[in-house]
Amino acid sequence: MELYDGRPENLEGRLPREIRTYDFLDNIGISYKRTDHEPADNMEACNAIDAILEVIICKNLFLCNRQGTEFYLLMMPGDKKFKTKELSKQINSARLSFAGAEDMLKYLDIEPGAVSIMGLMNDKERVVHLLIDQDVLEDEYIGCHPCVCTSSLKIKTEDIVNKFLPAVGHEAKIVHLVGED
């Protein structure tokens, strides 16, 4: 793995959703570092990606309420445990569960394994509510996928908050997850 500035020079073999992510970031003036890799299906692979980017890629969970009428994208530190009861209480929602792959594709144009805040650029109807754990905002950079699980990006947190979110018309609700038993 190598670290690159910005988009790939050669876009051959890249999915349209990935290319749209680079186009979008470039168009709103967000600079980013990128690395390409095999899909990360274990913590060892994730740790290797984190080392290249010099950032910890946060955990991104696509959730829904029990009725499947409200959808949430939760960004939290990868080392915190997710407790649905803890989050449900903070957002005044019925018990949350993981949303299905079909809803992930429908609203974020992302497939399982590539869930990322970047998918919000595809949520034109603003169906998905963004939830960010306070600890994620304390880091200088956010690591995320460009809507595919074979590349990862390093973006300044302030650019996500001040440029990306306004450009996609989403606001974040800040949550405070303890994640302990």
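Q: Which backbone nitrogen lies 3.0 Å from a polar atom of the S116 side chain?
A: That nitrogen belongs to M118, and the distance to the polar side-chain atom of S116 is 3.0 Å. Please note that this is a predicted model.

Q: What else does the side chain of S116 reach?
A: The side chain of S116 also reaches the backbone oxygen of H145, at 2.6 Å.

Q: Where is S116 found?
A: S116 sits in the loop that runs between α4 (101-108) and β6 (128-133).

Q: Is S116 buried or exposed, and why?
A: S116 is buried, because its relative accessible area is 0%.

Q: Which residues is S116 in contact with, leaving aside neighbours within four places in sequence?
A: With those neighbours set aside, the contacts of S116 are N60, L73, I110, C144 and H145.

Q: How do C144 and C149 count: buried or partly exposed?
A: C144 counts as buried because its relative accessibility is 1%. C149, at 23% relative accessibility, counts as partly exposed.

Q: Changing topic, what is the strand order in the open sheet?
A: The order is β1-β2-β8-β7; the sheet has four strands, with antiparallel pairing. Its edge strands are β1 (4-5) and β7 (141-144), each of which pairs on one side only.

Q: How many bridges join β2 to β8?
A: Four bridges join β2 (residues 33-36) to β8 (residues 151-156), and these strands run antiparallel. T35 stands opposite S152 in β8.

Q: Which helices lie across β8?
A: Helix α1 (residues 16-27) lies across β2 and β8, at about 15° to β8. Helix α6 (residues 157-168) lies across β7 and β8, at about 80° to β8.

Q: And where is K33 placed?
A: K33 is in strand β2. At 31% relative accessibility, K33 counts as partly exposed.

Q: What does K33 touch, not counting residues up to four places away in sequence?
A: Apart from those residues, K33 touches L3, Y4, D5, L53, S152, L153 and K154. A polar contact of 2.5 Å joins the side chains of K33 and D5.

Q: How many residues apart in sequence are K33 and E138?
A: K33 and E138 are 105 residues apart in sequence, and their C-alpha atoms are 19 Å apart in space.

Technical notes: Residues numbered from 1 in each chain as written. Predicted model: local features only at pLDDT ≥ 70, side-chain atom pairs only at ≥ 80, totals over all residues. Heavy atoms only, no water. Pairing = 2+ DSSP bridges. Helix = DSSP H or I, 4+ residues; strand = E, 2+ residues; numbered from the N terminus. Contact = heavy atoms within 4.5 Å. Axes fitted to C-alpha atoms, helices over the stretch in contact; angles between N-to-C directions. Buried < 20%, exposed > 50% of the residue type's maximum accessible area, 1.4 Å probe, protein only. Polar contact = N/O pair within 3.5 Å; in protein donor to acceptor, adjacent residues only side chain to side chain.
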